[in-house]
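Work through the exercises below with the sequence and model at hand. Each task is followed by its solution.

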Amino acid sequence: MEAKIAVIRGDGIGPEIVDAAIGCLDAVARRFGHTFHYSFPIMGGAAIDSTGVPLPQETIDECKRSDAVLLGAVGGPKWDNLAGHLRPEKGLLGLRSALGLYANVRPALLYEQLKGDSPLKPAIAKKGINLVVVRELTGGIYFGPRGFRSGKNGQEAFDTEVYTIPEIERIAKIAFDVAMGRRKKVTSVDKANVLETSRLWRATVTRVAESYPEVKLEHMLVDNCAMQLIKDPSQFDVLLCPNMFGDILSDEAAMLTGSIGLLPSSSLGAGKLGLYEPIHGSAPDIAGTDTANPIATILAAAMMLSSSLGLVTETAALEKAINTILSKGYRTPDICSMGTKKVSCSKMGELIALEVLNAK
Ligand code: IPM
Ligand code: MG
């Protein structure tokens, strides 16, 4: 097949991890006889530097013209002092919103080979982690009314959490659909003992659940969920979360699997167009050193192949190649321990790409 992929390299380690992922996509294209056409629109800090804004209209247009968007990461200290609406992160939020990508799917899997890298006690890690965070992505406190104003004690700032019933319904349906293809359990995360939005969330999710009688639904307060993730993550199948809770819990889940450099994410909307990115940030402290872990981005590219391009066998081939390279003991510094072979970001990309080409 021919597909058009918009690639946003981004800032910090973004270009390094994305280049490693492109090498793997090229290997998939060669092995399976596809042609991927890449374009390289800019967003985030790179876009601020060259156009003055974090999300140029041309980037939105180019992404809409594409079959999928692959993104590295955005942001960095250089742009930290800009006003909120001009920060690199605003570009990412604006892009998710402009493309209508309301459903963020973040699978956290503890690889057998990396069990020793999990910060969990061996007895807990032994039970495994295989969960998916389904995070609402275009609503909640990230997008509600906000600002600065003067109050009786001087300047105040406010951010508002707003959720509508249709917004909750559509993300809940995604979570239940995902659960139907897995272990059929949804844990809906909220703070219903305090927040009105959470009470609406809980009532709405409970109603959506009626259409999925095979799926077991439980509700869990977010603070308890943060604790349960450390106590026994094997209890979770699908975690359905409002925007900010999903942001926080997905970082926690990622670290439990050994490194934040391992978790991919797909952001989907009503159509086939999706945005695929690692869940981690731009890691400015190691940018340019060729030491980042590209696996989260390569896994994101793998998700893209099946979710947006319909290439299911190709996704499996790429995931298998990652597995094989980990089994052979290759590790980037973040997951390197005694007895493993330390490789750079680019080398890890090359090894996985070669494995895609050579695997039977
Ligand atoms: C993520 C990131 C973003 C988010 C930031 C960079 C705006 O943390 O994708 O998890 O909060 O959504
Ligand atoms: Mg985050």
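**Exercise 1: helix packing**

H1 and H10 cross in a right-handed manner (the near helix is turned clockwise from the far one by less than a right angle). The model is predicted: local features need pLDDT of at least 70, side-chain atom pairs count only at pLDDT 80 or more, and totals for chains, interfaces and linings use all residues. Residues are numbered from 1 along each chain as its sequence is written, chains are lettered from A and ligands numbered from 1 in the order written, and side-chain values use heavy atoms, without hydrogens and water.

Task: at what angle do H1 and H10 pack?

Solution. Helix H10 covers residues 295-307, and its axis is 8 Å from that of H1, at an angle of about 40 degrees.

Task: how do H1 and H11 cross?

Solution. The axes of H1 (residues 14-32) and H11 (residues 312-327) come within 11 Å and cross at roughly 125 degrees. H1 is therefore oblique to H11. This crossing, too, is right-handed.

**Exercise 2: ligand 1**

Task: which residues surround ligand 1?

Solution. Glu89, Arg96, Arg106, Arg135, Tyr142 and Asp247 do (a heavy atom within 4 Å). By class, the shell has 1 nonpolar, no polar and 5 charged residues.

Task: which distance separates Arg106 from an oxygen atom of ligand 1?

Solution. A polar side-chain atom of Arg106 lies 2.8 Å from a ligand oxygen. For Arg135 the value is 2.8 Å, and for Asp247 it is 2.8 Å.

Notes: A polar contact is a pair of N or O atoms within 3.5 Å; within protein, one must be able to donate a hydrogen and the other to accept it, and residues adjacent in sequence count only if both atoms are side-chain atoms. Ala, Val, Leu, Ile, Met, Phe, Trp, Tyr, Cys and Pro count as nonpolar, Asp, Glu, Lys and Arg as charged, and the others, Gly among them, as polar. Axes are lines fitted to C-alpha atoms, for helices over the stretch in contact, and angles run from 0 to 180 degrees between N-to-C directions. Helices (H or I, at least four residues) and strands (E, at least two) are DSSP runs, numbered from the N terminus. Angles under 35 degrees count as roughly parallel, over 145 as roughly antiparallel, 65 to 115 as roughly perpendicular and the rest as oblique.
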